[in-house]
There are 2 protein chains.
Amino acid sequence: MNEPLLAEPEPLKNLIQALRRLPGVGERSARRMAYHLLQHDPVGAEQLGRSLEHAVTSLRHCVRCNSFSEIEVCATCASARRDPGLLCVVETPADQNMIEATHGYQGLYYVLMGRLAPLEGIGPEALQFERLLQRATDGKVQEVILATNFTAEGETTAHYLTELLVSEGLKVTRLARGVPAGSELEYVDASTLAWALMERR
Amino acid sequence: MNEPLLAEPEPLKNLIQALRRLPGVGERSARRMAYHLLQHDPVGAEQLGRSLEHAVTSLRHCVRCNSFSEIEVCATCASARRDPGLLCVVETPADQNMIEATHGYQGLYYVLMGRLAPLEGIGPEALQFERLLQRATDGKVQEVILATNFTAEGETTAHYLTELLVSEGLKVTRLARGVPAGSELEYVDASTLAWALMERR
């Protein structure tokens, strides 16, 4: 079914190929999506088309935090109610939202828009670490909190950034590792428990 | 994370909402797709936008087989090398491709673009069964092969269509049920085996 034998109309073929560029979408899902949109939701298809066009043309990166923004400096970075001495480094805007949802952080953010992944060829240049360095050394930032994921790649990124930022005389911290709130020890995996033991306080 | 606390730029918010209309895509995947397109594949995003627009405006349904087509009668239906006495009814264009891939069918097709699903409110009217009836009673069709899926809904559709078409004096057949080619009996599920026994020949 990869190469359909019946001549498919060109616009359908192009749509399926374009949908395949979405992360996690293979030939079969792309086909299902295309059929669905064309058969049951042409209004949704047009809306998606317009949203894509509009997003690509109107969004850029905030010059301060690197997250998506319509304006040069985003609302969060421009806020006077935030502590300019704290800079929290996250991988994605979704992670930034998660930190914000704790209601426990009043500092500013820097969004890497990715993480170091040597196996995929994503190095410090691709992530423009020099921009983070410039941002963190504005003279106001006192502490950089590394909130990259606790995956192999997130950890690698955190280690790399620690060296980079410490050498600039900045205080660098990392989110605490440990037992998740509300969980029973019996169901916590061994490496989490090992970390929780090591970092007991 | 459903309702992000940070003010998201409007075009990003709209894009995420539009992506959620794709089948099987929830808030989290939509967000991941939006970030991916904007950060790593703006060319792909523009291409997808254009493809959507082009597909919606240029595709219609072939008046003969009901599949997607740019022209009034699609290439398959217009082909002189196909047997006009055989009409194979399938649920989707993808199913049509699967039948075609057998290289064992030389007749024509009718694509339902769905199946009866009373629980979802999809009845005979929604699927425009009167169009199939009209197509099947063109005087040339001798046999209608029902190739809907062997799911509860596909079976319901086949039963309904059998009654409808037999009452018009048409010969109606159904794809054979049985043990899949190349499989060992030990690993075939009981109901498939039961069908294979009943329909032994």
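The model described here is predicted. An unreviewed UniProt entry lists residues 85-180 of chain A under the name "domain: Toprim". The division of chain A into domains gives domain 1, covering 10-58, and domain 2, covering 79-198. The centres of domain 1 and domain 2 of chain A, taken over C-alpha atoms, are separated by 34 Å.

Four strands form an open sheet in the order E4-E3-E5-E6 (chain B), and their pairing is parallel. Strand E4 (107-111) and strand E6 (171-174) of chain B are the edge strands, since each of them pairs on one side only. From one strand to the next, the twist averages 25°. Within this sheet, strand E3 (residues 83-90) and strand E5 (residues 143-146) of chain B pair in the parallel sense over four bridges. In this pairing, Leu86(B) stands opposite Glu143(B) in E5(B).

Helices pack on these strands. Helix H5 (residues 93-101) of chain B packs on the sheet and touches E3 and E4 of chain B; the direction of H5 makes about 160° with that of E4(B). Helix H7 (residues 152-166) of chain B lies across E3, E5 and E6 of chain B, and H7 runs at about 165° to E6(B).

The next subject is charged side chains. Over all chains, the structure holds 24 salt bridges. One of them joins Glu143(A) to Lys171(A), with the closest N and O atoms 3.7 Å apart. This pair links distant parts of the chain: Glu143(A) belongs to strand E5 (residues 143-146) of chain A and Lys171(A) to strand E6 (residues 171-174) of chain A, 28 residues apart. Glu143(A) counts as buried because its relative accessible area is 17%, and buried means under 20%.

In chain B, Glu143(B) forms a salt bridge with Lys171(B), and the closest N and O atoms are 3.7 Å apart. Here the link runs between strand E5 and strand E6 of chain B, with the two residues 28 residues apart. With a relative accessibility of 17%, Glu143(B) is therefore counted as buried.

A further salt bridge in chain B joins the side chains of Glu155(B) and Arg177(B), at 2.3 Å from N to O. Glu155(B) is in helix H7 of chain B, whereas Arg177(B) is in the loop between E6 and helix H8 (190-198) of chain B; the pair thus links distant parts of the chain, 22 residues apart. Are these two partners buried or partly exposed? Glu155(B) has 15% relative accessibility, so this residue counts as buried. Arg177(B), at 22%, counts as partly exposed.

Salt bridges may also join into a network, as they do among Glu8(A), Arg20(A), Glu27(A) and Arg31(A).

The last stop is Leu38(A), which is placed in helix H2 (residues 27-40) of chain A. Leu38(A) counts as buried because its relative accessibility is 12%. Which residues does Leu38(A) touch, not counting residues up to four places away in sequence? In chain A they are Leu12(A) and Leu15(A), and in chain B they are Ala55(B), Val56(B), Leu59(B) and Phe68(B). Leu12(A) and Leu38(A) are 26 residues apart along the chain, and their C-alpha atoms are separated by 9.0 Å.

Methods
Residues numbered from 1 in each chain as written. Chains lettered and ligands numbered in written order. Predicted model: local features only at pLDDT ≥ 70, side-chain atom pairs only at ≥ 80, totals over all residues. Heavy atoms only, no water. Domains from an automatic or database assignment. UniProt positions renumbered as here; feature names shortened; annotations may be inferred. Pairing = 2+ DSSP bridges. Axes fitted to C-alpha atoms, helices over the stretch in contact; angles between N-to-C directions. Contact = heavy atoms within 4.5 Å. Salt bridge = Lys/Arg side-chain N within 4 Å of Asp/Glu carboxyl O. Buried < 20%, exposed > 50% of the residue type's maximum accessible area, 1.4 Å probe, protein only.
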